[in-house]
Amino acid sequence: MNNPLNEIVGQDKIKLTLDRIISSGKVSHAFLFKGLEGVGKDDAAIRFAQALVFNSELPQEKKKNYITQIGNLSEPFIKYIFPLPRGKNETEDDNPYEKLKEDEIELIQEELSKKSANHFYKIQIPKANNIKINSIRDINHFLSLSYDESVKRVVIISDAHLMNDAAQNALLKNLEEPPANIIFILVTHYPERLRETIRSRCWIMNFHPLNNSDVEEILINNFNIDAVLAKKVSAFSNGSVSNALKLINYGLDEMKEKAIRILRYSFGKKFHSAYSEFEDISKESDNEYFSLIISLLIQWLNDFIKFRSDSGKILFNDYIETFEKFHSRYPEINLLPLANRLDEISSRLKNNINLNLAISNVIAEIAEVINTK
C-alpha cells in the first residue's frame with residue numbers, strides 16, 4: 001500500500017510539506033488550501049486525510065478499509081461539506097438535507113458518487129449557491145459519531161468562500177475551540193472572501209498552477225479525454241484542469257477564431273463588429289466564457305511578442321500568418337502593456353464587475369493601442 005500523498009498529481013512542494021507535517025506528529029487543527037480552481041486542492045485534501053490513516057499505528061487491514069472509506073467520502077473519518085440548495089421552509093436548525101426534495105437528494109448522491117470516483121470532478125447542483133449554516137452546524141453530528149480514536153478525522157469545506165456570514169461565524173466557533181482529533185481543511189480559490197479571523201487560524205497552503213503534462217494526464221486518466229485533445233487544450237489551460245474542461249466544452253478552436261476576430265475588429269476600429277462577437281456572452285452574462293476569451297486574447301498578444309523576438313513556444317502556431325501581417329503593419333508596436341491591462345480586467349471579474357462594461361473596456365483597450373503605437 002502506497003502513501004496516498006504520492007497519488008497527488010503535481011504540487012511537489014505541497015506533497016513534501018504535508019508529508020513533513022504528518023511525520024512531525026504536530027498536525028495543525030486547521031488548513032487553508034488556496035490557489036487557482038482546478039489545480040487539485042480537493043484531491044490533495046482527501047489524500048491528506050488518507051495519509052493521516054496511512055501513517056497511523058493501525059493494523060494494515062484497518063488502514064486499507066479506512067483509506068477506502070475516506071476516498072469514497074464516507075463518514076465517520078471524513079466529512080465533505082459543499083454548497084447545497086435551500087429546501088422549502090428550511091430553517092437554520094434543520095438538517096441540511098431535511099427539507100430538500102427527493103429528486104434533489106438523489107442528484108446530490110449521484111454527484112457525490114462522481115466526486116468520490118474522481119476527486120477532480122466539480123459537483124454541480126442547481127441553486128446550490130452557498131454553503132448553508134446548517135451544513136456547518138451539522139459538523140456537531142459528525143463529531144458525535146463513534147470512530148476509532150487512534151485516527152484523526154478531517155472536515156473538508158470545499159468552495160469555502162461560499163459560506164455566508166452566518167456559516168462563517170458558526171465555523172469560527174469551531175476553529176476557536178477546535179474539537180479533539182478533528183482537522184479542518186478549507187478549500188478555496190477566493191481566500192479573500194473568508195474572514196481574516198478564519199484565515200489567521202489556518203495553516204495556509206499555496207497551490208500553484210499545474211504544468212501542461214499534469215493537466216494532460218488528469219484529463220486522460222480522470223475524464224477519459226482523447227490524448228490528442230488533452231494535449232491541445234492543456235497548452236491553453238493556464239495550469240487548470242477546470243479551464244481545460246471548459247475549453248473542451250466551449251470548443252477551443254471556435255474560441256480561438258473568436259479571439260482572432262475580436263482583435264482584428266478592435267484593432268481596425270470596427271466597433272460594431274467587435275461588439276457583435278460578444279453578443280451571446282453579454283446576453284448570458286457568462287463571466288466564465290468571457291474570462292476564457294480574455295485569456296486567449298492575452299495568449300495571442302504574448303505569442304506575437306514571442307514571434308517578433310523569435311523566442312519561446314507559440315501556442316497560436318496555426319495563425320502564424322496573422323502575426324506576419326500584423327508585424328508588417330505595426331513593426332514597432334508594444335503589446336505588453338495591453339496584455340497586462342486585459343489581465344487586470346479579467347481579475348476584476350471576481351468582484352462582479354458589470355460584464356457589458358468589461359466588454360467595452362476590452363475593445364477600447366485594444367483599439368487604443370493602435371492610436372498610441
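Me: Why is Asp310 counted as exposed?
Reply: Its relative accessibility is 72%. Exposed means over 50%, so Asp310 counts as exposed. Bear in mind that this is a predicted model.

Me: What makes the phi of Asp310 worth a look?
Reply: Phi of Asp310 is near 55°. That is a positive value in a residue other than glycine.

Me: Where is Asp310 found?
Reply: Asp310 is in the loop between α15 and α16, the latter spanning 320-329. Asp310 follows α15.

Me: How do you know that α15 has the span expected of a helix?
Reply: Helix α15 covers residues 287-309, 23 residues in total. The expected span is 1.5 Å times one less than the number of residues. That gives 33 Å for α15. From first C-alpha to last, α15 reaches 33 Å, close to the expected value.

Me: Why is Lys127 called exposed?
Reply: The cut-off for exposed is over 50%. Lys127 has a relative accessible area of 70%, so Lys127 is exposed.

Me: What makes the peptide bond from Glu75 to Pro76 stand out?
Reply: That bond is cis, with omega near 20°. Pro76 lies in the loop between α3 (60-71) and β2 (78-81).

Me: How do you know that the radius of gyration agrees with a compact globule?
Reply: The rule is 2.2 Å times the number of residues to the power 0.38. For 373 residues, a compact globule would come out near 21 Å. The chain has 23 Å, which agrees. Along the principal axes, the C-alpha atoms fill a box of roughly 70 × 50 × 35 Å.

Me: How many helices and strands does the chain have?
Reply: There are 18 helices and 5 strands.

Me: What share of the residues is called buried?
Reply: Buried means under 20% relative accessible area. Of the 373 residues in the chain, 51% are buried.

Me: What share of the contacts joins residues 24 or more positions apart?
Reply: Such pairs account for 72% of the contacts with a separation of 6 or more.

Me: How many side chains are positive, and how many negative?
Reply: The chain has 47 positive and 52 negative side chains. The centres of the two sets lie 4 Å apart.

Note on methods:
Residues are numbered from 1 along each chain as its sequence is written. This is a predicted model: local features need pLDDT of at least 70, side-chain atom pairs count only at pLDDT 80 or more; totals for chains, interfaces and linings use all residues. Side-chain values use heavy atoms; hydrogens and water are left out. Helices (H or I, at least four residues) and strands (E, at least two) are DSSP runs, numbered from the N terminus. Buried means under 20% relative accessible area, exposed over 50%, partly exposed in between (1.4 Å probe, protein chains only). Contact means heavy atoms within 4.5 Å. Lys and Arg count as positive and Asp and Glu as negative; His and the chain ends are not counted. The place of a charge is taken as NZ of Lys, CZ of Arg, CG of Asp or CD of Glu.
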